Amino acid sequence: MSKALPRLGAGLGYRTALHHDIVANADRIDFLEVISDQYLHAPPEKLLRLLELSDTFPLIPHGVGLSVGTAAPLDDDYLDRLAQFVEATKGHWFSDHLSFTKVPEVDVEQLTPVWFTEESLDAVCRNVGQLKTRIPDTPFLLENVTYYFPVPGNDLSEGAFLTRVLEETDTGLLIDVNNVWINSVNLAFDPYEFLDSIPLERAVQMHIAGGVEMAGMIVDTHSSPVNEHVWQLAAYVVERAPVKAILLEWDSDWPEFAELLDHLDRARDLLPDRVEAGS
């Protein structure tokens with residue numbers, strides 16, 4: 001998968017509050033990642049404004065509402081709208097989270113971790129298969145998520161579960177190293193051992209972000225500078241994986257835009273020369 005995809009470099013999560021700064025600094029931003037769910041029911045003018053950016057930036061759709069961990073099949077209307085959006089953006093790939101956000105007739109509005117069980121594995125693989133059947137021509141990536149307590153009743157470790165999902169569905173990995181670090185701190189495990197346990201050769205994209213400490217835990221807020229531990233994990237992954245793109249997530253409490261650009265410069269410098277377009 002990765003060899004056929006272009007090197008995008010260092011990108012920023014598109015947020016409407018940052019629109020003018022993004023346009024004004026287009027030469028410092030290699031691509032934009034766009035939250036798919038914000039456009040699935042958007043009025044035409046909102047979608048048009050976004051697509052105008054594709055003349056300057058590659059756009060990469062990233063979802064939060066697919067809910068691959070739901071026991072029921074995926075929603076056909078959601079898939080149809082997502083397919084239309086992926087086609088409109090001409091994204092080189094698209095992604096969502098290894099989580100569930102819906103149970104029958106209820107949207108829990110959270111990226112809730114799945115159970116690491118054989119039954120859950122079957123549901124996730126079935127749902128990813130349904131997605132890839134509906135959107136067959138654009139590579140799909142799954143992202144690891146944060147969770148703040150050990151999920152009870154697991155049959156598998158997170159690493160083993162993630163590995164089997166990716167391999168059994170032939171899916172790419174969006175590795176969020178901030179999520180790895182946060183989980184390792186809150187749940188007391190070695191983040192490097194976790195990274196060594198998953199198929200990093202499937203990693204196409206990486207997320208970096210910053211969190212904050214609350215009540216003795218690190219919370220994934222996307223509202224602060226990237227922690228040095230996260231930068232170290234990012235470097236570790238890039239040395240071992242064919243990462244094509246590094247994405248900075250910063251969703252609130254924005255600093256001066258120059259600080260975001262400095263983060264992008266540092267992220268871009270992590271990508272080795274061997275990760276060139278078509279490599």
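1. A crossing of two helices is right-handed if the near helix is turned clockwise from the far one by less than a right angle, and left-handed if anticlockwise. In this predicted model, helix H6 passes helix H8 in a right-handed crossing.

2. The H6–H8 pair involves residues 177–187 for H6 and residues 228–238 for H8, with an angle of about 120 degrees between them and axes 9 Å apart. Helix H6 is therefore oblique to H8, since an angle counts as roughly perpendicular from 65 to 115 degrees and as roughly antiparallel over 145.

3. On the H6 side of this packing, the contact residues are Val177, Asn178 and Trp181. They meet His229, Val230, Leu233, Ala234 and Val237 of H8. The contact of H6 with H8 holds six nonpolar and two polar residues, and no charged ones.

4. Helix H8 also packs with helix H9, residues 257–270; their axes come within 10 Å and cross at roughly 30 degrees. That angle makes H8 roughly parallel to H9, because the cut-off for this class is under 35 degrees.

5. The H8 residues that meet H9 are Glu228, Trp231, Ala234, Ala235 and Val238. Their partners in H9 are His263, Arg266, Ala267 and Leu270. This contact is made up of six nonpolar residues, one polar and two charged. Ala234 of H8 is listed in the contact with H6 and also in the contact with H9.

6. A further helix pair is H3 (residues 76–89) with H4 (residues 118–134), packed at an angle of about 45 degrees with axes 10 Å apart. Helix H3 is thus oblique to H4. The crossing of H3 over H4 is right-handed.

7. Where H3 meets H4, the residues from H3 are Asp76, Leu79, Asp80, Leu82 and Ala83, and those from H4 are Gln130, Leu131 and Arg134. By class, four of the residues in this contact are nonpolar, one is polar and three are charged.

8. How many cavities of 30 Å³ or more does a search of the whole structure find? There are two. The volume of the largest cavity is about 50 Å³, and the second largest cavity has about 30 Å³ of space.

9. The largest cavity is lined by Leu98, Pro113, Val114, Phe116, Asn144, Val145, Tyr147 and Glu158. Six of these lining residues are nonpolar, with one polar and one charged. Asn144 counts as the polar residue and Glu158 as the charged one.

10. The lining of the second largest cavity consists of Ser36, Gly63, Leu66, Leu82, Phe94, Ser95, Asp96, Leu131 and Phe140. Strand S4, residues 94–97, gives the most to this lining, with three residues. Five of the lining residues are nonpolar, three are polar and one is charged.

11. The largest pocket holds about 540 Å³ of space. It is lined by 26 residues, and those closest to its centre are Val64, His97, Leu111, Asp220 and His222. Strand S6, residues 106–112, supplies the largest share of the lining, four residues.

12. Which classes of residue line the largest pocket? The lining has eight nonpolar, eleven polar and seven charged residues. For the largest cavity, the corresponding counts are six nonpolar, one polar and one charged.

Key. Residues numbered from 1 in each chain as written. Predicted model: local features only at pLDDT ≥ 70, side-chain atom pairs only at ≥ 80, totals over all residues. Heavy atoms only, no water. 1 Å grid on protein atoms, 1.4 Å probe; cavity = no way out; pocket = protein on both sides within 12 Å on 5 of 7 lines; lining within 4 Å. Points joined across faces, edges and corners; volume = space filled by probe spheres on them. Helix = DSSP H or I, 4+ residues; strand = E, 2+ residues; numbered from the N terminus. Axes fitted to C-alpha atoms, helices over the stretch in contact; angles between N-to-C directions. Contact = heavy atoms within 4.5 Å.
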